[in-house]
Structures are given as C-alpha cells and as structure tokens.
Amino acid sequence: MNEDEGLREEMRKAVADFLRAEADPARRRTAMDSDDGYDRSLFERGVTELGLGGLTVPEACGGLGLGFAEAAVVIEEFGRAVVPSPVPDTLVAATVLAEAGEPAQAVLRRLATDPVAIAVAGLAGPVGVDGGRLHGTARAVPHGARADLVLVLGEDGGVYLVSPAEPGVTRTAHWALDHTRRLADVEFSHVPAKRLAPGDDLARRLVDLVRIAIAVESAAAASACLEATVAYLKVREQFGRPIGSFQALKHRCADLAVAVHGALATARYAVRCAASGAATDSSGDDVATVAAIAKTVCTDTLMSVAADCLQLHGGVGFTFEHDVHLYLKRGKANQVLAGRNAQLRATLAAKL
C-alpha cells in the first residue's frame, strides 16, 4: 500500500466511524422525514469536523487540495450507509469547480470554511440559456429544494453556478421513491447566471463524475446490503439451526458476492480513470464510456442484490421498519438518475 492508498484508507475509516456513530438507523429515518430531507447538523459536522467541504478545494483557496479519488472514498462510505445527505453531490460539484479555476474561486473559498450544500441540476435534461440567463425547469434535482447553491447544466454546453436566492428561481420539493434522496424541480425564469468555462468540456466532466459517483455509492450499498443479509442468515434459525447453514442459501449468497465484487471493481476502475486525467484508458475507452458502463453495472447490481436480499430476509424484509427496502429503492432510483440505464446501453451499443 503506497502513501496515497494509506491516506484513503485512513479517510475511509474516519468517515465510516463518523457515520456509524452519528447516522444510525433511527437518526437516518428522522432525517428522511425532516423538512430538509437530510440531517443538516450532520452535514455541517461533516464539513467542520472532517473537512469534507474543502476536500477537493485547492490549497490556495484554503482547502485540502485532494482529488476525486479521495472524494470517491467518502462517497463510497455514504453509499454504504444510505445516508440522506447532499455530501456526495457537493463533493462532485466541488471537484468540478476546482477544475474550473479562477471563475469559481470565490465559492471554493466558501466551501473550504463553511457548510455549503451544492445540488447538480440539468441531469434529466439541460436548462435553457438565452443571453446569459437561464430559463426552464430542471427536473428531479437531488436535494435541489434545500441546497445552498445549484450547479446547472445549460443547453449550450455550459456549466452555470446559481444561488437559489436569486429572483426568478422557484424550487418545488417532491417525495421520491428513494426516501433517502429528496428530489426537487428547480424552475429558472430568466435568471442571470455565471458560466464557469467556455466550451462543453466542463459539462461533460460533470456528467461523467456524477455517473461515477452513483456507481461508487451503488456498489458500496450492494456490499453493505449483502453483509447485513449474511449476518442475519447466521443468527436466524429454522429446524434448530441457522438458515445460513443451508446449502441453497449459501450458494445464493455466493452468487451475490460475485456480483458485488464485480461492481466494486468496476466502480473503482472508473474512479481511477476519472482521477488520472488521461483521455482514454488502456483499452482506448474514454472516461464517458467508462462512466456509463460503471453506472449501469453498479446500479443494476445494487437493484438485483437488494431484491435478492429482501427475499433472503423472509417476511421481515418486506416491512417498512427494516432497512433492506432503503437499499432496494436506492438501487431503483440510481438506475434512473443521470441517464436511464436503457439509454446508456443504447449509447454504448452505438459505439460498437
């Protein structure tokens, strides 16, 4: 293990310990039902105590100057615990803002010191742009109703940073299938906005990182769901013995473990590709292709693993009180976010 890998493992342990202590199932459900849809105090403590807000902010702006590989470690742990939180979206946005350079320096300095939640809008369809003003509605924006800032994908290929306090911005929250990720429609009525960079490279980078982040959290969630299920099978008894000792269930869990490890490897490979800065990987695939593959593989894996784990839990798995349905709903929602998997497969097939 080299120095960078050692740092990431220390970060992973610190974030996991923090979430284990502060985001237990009872607090998670309280956060889900709150007006914000997440625990704002937990978010603020993550920023102030763990320094998550400034993780990818350049040192010149007061941040830690780390990269997307380190951000992915944090996203993975939030995915494992299916925590309702804007932290993953904020880390992706901060990474892109850091790459935007000078136009984003003011907000980067805020991220390094203050708890600023950022939502990414326009993933379900870019927002209209006319003379430097945004118009139209961004649908299904994760945590869009309560975010402090919104990073918007424009139909002209630009990325725009908008304060929801600007006149002309209207936000409408919606209950979604995934109760751990509150969605919102964000309407822009000729809102002046700051374009962060010329061309469309930054927009494509933002979409790629969002898809890889979804892949990372999905693979981690699938792993956590399977671990919890195996633990349950070891203590649930039938005919005087743990049901996990039955060969049929062992084989089923082994098949799920193979799928989970495949998803974890796929997600981590995508992170390495995105963090390397190289235009293509060793196979000649660009990051957009790798991100689309990772997103489809990992979200499909979470969906299928969570569905099987629900069955393996028996009747208790079907109750709202049990957490397994949170993984199932996160899997279904992630299949749709940032490009439906069927659409991504069609795009990938067209490249063959």
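Helices, taken as DSSP runs of H or I with at least four residues, are numbered from the N terminus, and these labels are used throughout the exercises on this predicted model.

**Exercise 1.** Determine in which helix Arg-40 and Glu-44 lie, and whether Arg-40 is buried or partly exposed.

*Solution.* Arg-40 and Glu-44 both belong to helix H3 (residues 40–50), where they stand four residues apart, about one turn of the helix. Their closest N and O atoms are 3.2 Å apart, and the two residues form a salt bridge. Buried means under 20% relative accessible area; because Arg-40 has 21%, Arg-40 counts as partly exposed, and Glu-44, with 32%, is partly exposed too.

**Exercise 2.** Work out which side chains meet that of Arg-330 in salt bridges, and which parts of the chain are linked.

*Solution.* Begin with Asp-178, whose side chain meets that of Arg-330 at 2.9 Å, N to O. This pair links the loop between strand S6 (169–174) and strand S7 (183–192) to helix H10 (residues 324–336), across 152 residues. Next, Arg-330 also meets Glu-217 in a salt bridge, at 3.1 Å, N to O; since Arg-330 lies in helix H10 and Glu-217 in helix H7, the pair ties together parts 113 residues apart in sequence. Finally, consider accessibility: Asp-178 is buried at 3%, and both Arg-330 and Glu-217 are buried.

**Exercise 3.** Describe the lining of the largest cavity by element and by class.

*Solution.* The largest cavity has a volume of about 150 Å³, and among the 13 residues lining this cavity, those closest to its centre include Asp-89 and Arg-181. Helix H5 (87–100) and helix H7 (201–235) each give two or more residues to the lining, with H7 giving the most, four residues. By class, the lining has 10 nonpolar, no polar and three charged residues.

Conventions: Residues are numbered from 1 along each chain as its sequence is written. This is a predicted model: local features need pLDDT of at least 70, side-chain atom pairs count only at pLDDT 80 or more; totals for chains, interfaces and linings use all residues. Side-chain values use heavy atoms; hydrogens and water are left out. On a 1 Å grid over the protein atoms alone, a cavity is a set of points where a 1.4 Å probe fits but cannot get out, and a pocket is an open set with protein on both sides within 12 Å along at least five of seven lines; lining residues have an atom within 4 Å of a point. Grid points are joined across faces, edges and corners, and a volume is the space filled by probe spheres set on the points. Ala, Val, Leu, Ile, Met, Phe, Trp, Tyr, Cys and Pro count as nonpolar, Asp, Glu, Lys and Arg as charged, and the others, Gly among them, as polar. A salt bridge is a side-chain nitrogen of Lys or Arg within 4 Å of a carboxyl oxygen of Asp or Glu. Buried means under 20% relative accessible area, exposed over 50%, partly exposed in between (1.4 Å probe, protein chains only).
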